[in-house]
Amino acid sequence: MKIVSLQSVGLGATYTRGDYEVISIPYDIEVGAELISTQGYGLGVTVTEIKYQQGDFDAYGFEIYTVHTSDGHIRVLPADKYIAEWSE
């Protein structure tokens, strides 16, 4: 089983509609798609892999997702703030 996407819970971008109603849009991260900033701009890097890690981490102390990108960076996200979609 692999993680194919993550969706934020309680995080994301906030927009004001034409009628001045404020809405929140979840932050989505998908394998194979370009990484998008919270302002909606492309960052020029593609998500190559998402991994779930659990255990006794000295620096974190909780469960995390690591998002690997085409620029060689790894972004670390707290697992309690994202919902993962798994696939074969």
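**View 1. Strands β6 and β7 pair up side by side.** Here β6 (residues 42–53) and β7 (residues 64–69) run antiparallel to each other, joined over six bridges. Strands here are DSSP runs of E, at least two residues long, numbered from the N terminus, and two of them pair if DSSP finds at least two bridges between them. Look for V47, which sits opposite T69 in β7. This is a predicted model, where local features need pLDDT of at least 70 and side-chain atom pairs count only at pLDDT 80 or more, while totals for chains, interfaces and linings use all residues. Residues are numbered from 1 along each chain as its sequence is written, and side-chain values use heavy atoms, with hydrogens and water left out.

**View 2. The open sheet has four strands.** Their order is β5-β6-β7-β8, and the pairing is antiparallel. At the edges you'll find β5 (34–36) and β8 (74–78); each has a single partner strand, so one side of each has no neighbour in the sheet. On average, neighbouring strands are turned by 50° against each other, direction ignored (the axes being lines fitted to C-alpha atoms).

**View 3. One aromatic pair turns up in the whole structure.** The ring centres of Y52 and Y65 are 5.6 Å apart and their planes meet at 55°, so this pair counts as tilted (centres within 6.5 Å make a pair; planes under 30 degrees apart are stacked, over 60 edge-to-face, and the rest tilted). Y52 belongs to β6 and Y65 to β7, so the pair ties together parts 13 residues apart in sequence.

**View 4. How exposed are Y52 and Y65?** Y52 is partly exposed, at 30% relative accessible area, whereas Y65 is buried, at 7% (buried means under 20%, exposed over 50%, partly exposed in between, with a 1.4 Å probe and protein chains only).

Definitions and conventions. Axes fitted to C-alpha atoms, helices over the stretch in contact; angles between N-to-C directions. Phe/Tyr/Trp six-rings, centres within 6.5 Å; stacked < 30°, edge-to-face > 60°.
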